[in-house]
Amino acid sequence: MHVAEGALSGPVLLGGAVLALAGIGLGLKKMDYEDVPRVAVLASAFFVASLIHVPIGPSSVHLILNGLAGLILGWSVFPALAVALFLQAVIFGFGGLTALGVNVTVMAGPGVACHYLFRSLCSAPNQKLAFAAGFGAGFLGIALGCLVLSLSLYLSAQSFLHAAELLILAHLPVMVIEGLITGSVVVFLNKARPDLIPGLTQRRTA
């Protein structure tokens with residue numbers, strides 16, 4: 001879901017940059033020193049997962065794990081994905097620097113939304129409910145990202161509308177796969193490391 005340089009209009013690039021900077025600033029403000037290793041691990045997981053591209057028709061898709069990262073990191077997902085996307089742009093040319101703000105917003109914004117929508121359900125004693133919450137976070141993280149990216153393309157040029165529709169269709173399998181991965185990870189963390197998702201420990205000890 002990387003936006004290539006030159007595809008978006010100036011106002012959209014500027015708006016994406018402003019939103020990304022605001023998210024990064026808030027994420028850094030909320031990040032404690034002990035959160036740094038967790039942020040680094042999730043940034044690395046995103047970096048590696050999004051390098052594996054699967055061709056679908058004339059384009060390709062890849063895992064993003066923004067729902068999982070947002071679920072665990074909250075607002076800190078912004079600086080985490082910003083670092084990973086910056087390195088991808090510099091090293092591999094994915095997305096480019098001018099589109100960095102939009103790419104960060106497209107991937108990190110839905111992660112924050114998933115954090116607030118699903119984190120309270122991840123500690124459910126019923127494993128099926130916990131898995132469903134994780135699945136929802138993984139699925140919705142990609143779905144919202146596609147919608148935000150589609151809106152960015154449409155606002156840049158209405159001729160991109162068909163491309164935006166194809167983008168959403170191509171990522172439907174990714175939504176399901178990420179849902180399954182995130183749901184499985186949530187069930188595991190619920191048993192082994194509830195402290196990794198903010199809110200789980202408090203709910204268990206309340």
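Let me start with N66 and what surrounds it: leaving out residues up to four places away in sequence, N66 touches L81, M107, P110, G111, G141, I142 and E178. A touch, or contact, means heavy atoms within 4.5 Å. N66 sits in helix 3, residues 66-73. Helices here are DSSP runs of H or I with at least four residues, numbered from the N terminus. With a relative accessibility of 0%, N66 counts as buried; the cut-off for buried is under 20% relative accessible area, using a 1.4 Å probe and protein chains only.

A word on the source. This is a predicted model, in which local features need pLDDT of at least 70 and side-chain atom pairs count only at pLDDT 80 or more, while totals for chains, interfaces and linings use all residues. Residues are numbered from 1 along each chain as its sequence is written, and side-chain values use heavy atoms, with hydrogens and water left out.

Next, the core. The largest nonpolar core has 50 residues, and V77 and V104 have the most contacts inside it. Such a core is a set of buried Ala, Val, Leu, Ile, Met, Phe, Trp, Tyr and Cys residues joined through side-chain atoms within 4.5 Å. Elements giving two or more residues to this core include helix 5 (100-118), helix 6 (127-156) and helix 8 (172-192). Helix 5 supplies the largest share, nine residues. As for V77, its contacts beyond four places in sequence are A69, G70, A108 and V112.

Now helix packing. Two packed helices are described by the angle between their axes and the distance between the axes. The axes are lines fitted to C-alpha atoms over the stretch in contact, and angles run from 0 to 180 degrees between N-to-C directions.

How do helix 1 and helix 4 cross? The axes of helix 1 (residues 10-30) and helix 4 (residues 77-92) come within 7 Å, at roughly 120°. That makes helix 1 oblique to helix 4; angles under 35 degrees count as roughly parallel, over 145 as roughly antiparallel, 65 to 115 as roughly perpendicular, and the rest as oblique. On the helix 1 side, L19, A20, G23, I24, G27 and L28 meet F78, P79 and A82 of helix 4.

Helix 2 (residues 36-49) also packs on helix 4: the axes come within 8 Å and cross at roughly 40°. This pair is therefore oblique too. V39, A43, F46 and F47 in helix 2 meet several residues of helix 4, among them A80, L81 and F92.
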